[in-house]
Amino acid sequence: MELDSALEAPSREESSLSGELSPSALGQAFSKILHSLTRPEARRGNGKDVALKDLGDLIEATECDRLFEGSGARLRGMPETLGQVAKAVEKYAAPRKEEEGGGDGHSEVAEKAAKVGLLFLKLLGNVETAKNSLVGPAWQTGLHHLAGPVYIFAITHSLEQPWTTPRSREVAREVLTLLLQVTECSSVAGFLRGENEDEKGSLSVILGLLKPDLNKESWKNNPAIKHVFSWTLQQVTRPWLSQHLERVLPASLLISDDYQTENKILGVHCLHHIVLNVAVLLCLLDLFPILEKTLHWKGDGARPTTHCDEVLQLILTHMEPEHRLLLRRTYARNLPAFVKRLGILTVRHLKRLERVIIGYLEVYDGPEEEARLKILETLKLLMQHTWPRVSCRLVVLLKALLKLICDVARDPNLTPESVKSALLQEATDCLILLDHCSQGRVKGLLAKIPQSCEDRKVVNCIRKVQQVSEGAPYDGT
């Protein structure tokens with residue numbers, strides 16, 4: 001298919017300027033090229049090669065601002081179409097299964113990659129030019145759709161692999177350099193995570209594009225995909241990696257579970273990077289459902305203990321005697337997540353949790369009071385999930401909470417008022433939950449305290465519990 005035939009000679013009305021394509025003809029041209037690049041063809045067919053040449057000619061003949069302008073209704077889909085074309089071109093240059101290739105196949109892939117790389121350089125050059133000529137977000141929208149496929153192409157062919165040659169690697173690295181320049185990123189890490197705190201970065205987009213090729217049935221169809229995933233993963237560290245854990249962990253486990261030693265090693269490297277850059281205990285919580293997928297409770301007898309039970313038991317064993325504040329904070333920070341994960345099954349650990357909670361509430365934790373705040377959060381979750389077992393622990397929990405409220409209200413330390421307020425609020429919330437779990441007994445036990453207590457902060461906490469328990473909103477006085 002030649003370019004002229006693909007465009008079907010536009011009418012006089014469709015041509016805005018002599019020699020230029022009208023918006024509708026331009027969109028049709030890209031759509032036809034996209035169709036040629038994505039349709040199946042015979043092994044020896046050259047339809048996609050012709051389509052690639054037509055695409056290069058079209059990009060060369062079209063002014064850069066017309067590729068990204070989007071004010072007219074006809075062109076609103078142009079950036080998205082360009083993105084789809086870029087995805088198809090990236091797939092065109094991707095290596096095939098090892099058994100389908102061989103030496104000649106790799107040579108062919110490298111030749112295609114060099115051609116595609118030059119085409120992507122043209123497109124990115126047009127984006128750079130459009131940045132200076134277009135007003136508004138038009139070029140940014142176009143770049144948003146182009147950046148992901150261009151990045152995957154660049155990493156696929158810039159790494160030293162059997163399907164690359166010095167020439168294809170050189171072109172791919174030029175593409176990556178220009179991509180970073182156009183996106184105004186100083187590094188690949190900045191491109192993936194975002195250069196600034198308020199920037200989202202492109203990692204989510206990249207992982208979304210890789211996902212269809214990273215499942216059990218498809219991940220070996222393209223031998224480059226595992227390397228692109230692994231290399232990309234290594235560029236993102238803490239704290240940015242945590243928010244993507246659900247998307248990177250399954251692929252890492254899939255690769256590590258393969259029978260080939262090379263893939264096992266690659267997958268283990270991915271898992272090692274995840275463990276180093278994601279809070280380990282929370283990372284384990286995401287691993288447990290995968291490790292425990294064969295454990296199913298059939299309703300007969302007690303539920304089997306799980307890895308989560310075992311890890312929580314180990315954490316509680318270390319928490320009880322621990323006196324170092326840094327470790328106490330670390331343990332307390334992760335405790336709520338375990339209670340959430342186990343839910344009502346936390347009753348298995350209720351006695352030990354009770355001892356840990358009471359012990360940690362008694363100890364001042366420094367100006368930020370991180371440990372005690374997290375322990376109060378844990379206590380709230382515990383009462384919500386195991387409320388039938390709470391009433392028998394009423395007295396011991398009530399004493400611990402009242403002691404905490406009194407200690408905080410009379411705290412002579414340099415604890416910020418905002419932290420004190422947070423502690424008193426969390427402790428009051430726990431008292432309200434405790435009252436609900438004990439059918440209103442807390443309200444009765446606290447009834448005489450306002451009459452004898454002179455501390456305003458303590459009295460305010462007690463009044464809040466009484467008023468909320470009676471169904472009246474707390475007025476804050």
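Contact here means heavy atoms within 4.5 Å of each other. The structure is a predicted model, in which local features need pLDDT of at least 70 and side-chain atom pairs count only at pLDDT 80 or more, while totals for chains, interfaces and linings use all residues. Residues are numbered from 1 along each chain as its sequence is written, and side-chain values use heavy atoms, with hydrogens and water left out.

The secondary structure of the protein comes to 23 helices and zero strands, where helices (H or I, at least four residues) and strands (E, at least two) are DSSP runs numbered from the N terminus. Of its 477 residues, 48% count as buried; buried means under 20% relative accessible area, exposed means over 50%, and partly exposed lies in between, with a 1.4 Å probe and protein chains only. Among the contacts with a separation of 6 or more, 69% are between residues 24 or more positions apart.

With residues up to four places away in sequence not counted, Cys 461 touches Ile 405, Leu 424 and Thr 428, and its relative accessible area is 7%, so Cys 461 is buried. Pro 450 lies 11 residues from Cys 461 in sequence, and the two C-alpha atoms are 9.8 Å apart.

Ile 405 leads on to helix 19, whose buried residues include Leu 401, Leu 402, Leu 404, Ile 405 and Val 408. The 16 residues of helix 19 (residues 394-409) should span 22 Å at 1.5 Å a residue, and the end C-alpha atoms are 22 Å apart, which agrees; the expected span is 1.5 Å times one less than the number of residues.

Helix 16 (residues 325-342) can be read in the same manner: its 18 residues should span 26 Å, and its end C-alpha atoms are 26 Å apart, which agrees. Gly 343, which follows helix 16, has a positive phi near 60°.

The axes of helix 5 (residues 78-92) and helix 7 (residues 138-158) come within 7 Å and cross at roughly 10°. These axes are lines fitted to C-alpha atoms over the stretch in contact, and angles run from 0 to 180 degrees between N-to-C directions. Helix 5 and helix 7 are therefore roughly parallel to each other, a term for angles under 35 degrees. Residues of helix 5 including Leu 82, Gly 83 and Ala 86 take part in the contact, together with residues of helix 7 including Gly 142, Leu 146 and Phe 153.

Most residues other than glycine have a negative phi, and most peptide bonds are trans. Glu 184, in the loop between helix 8 (166-182) and helix 9 (188-193), has a positive phi of about 60° although it is not a glycine, and Glu 184 is exposed, with a relative accessible area of 58%. Glu 369, in the loop between helix 17 (350-361) and helix 18 (370-385), has a positive phi of about 50°, but Glu 369 is buried, with a relative accessible area of 1%. A cis peptide bond, with omega about 0°, joins Arg 238 and Pro 239, and Pro 239 lies in the loop between helix 11 (225-235) and helix 12 (245-256).

Definitions and conventions. Parallel < 35°, antiparallel > 145°, perpendicular 65-115°, else oblique.
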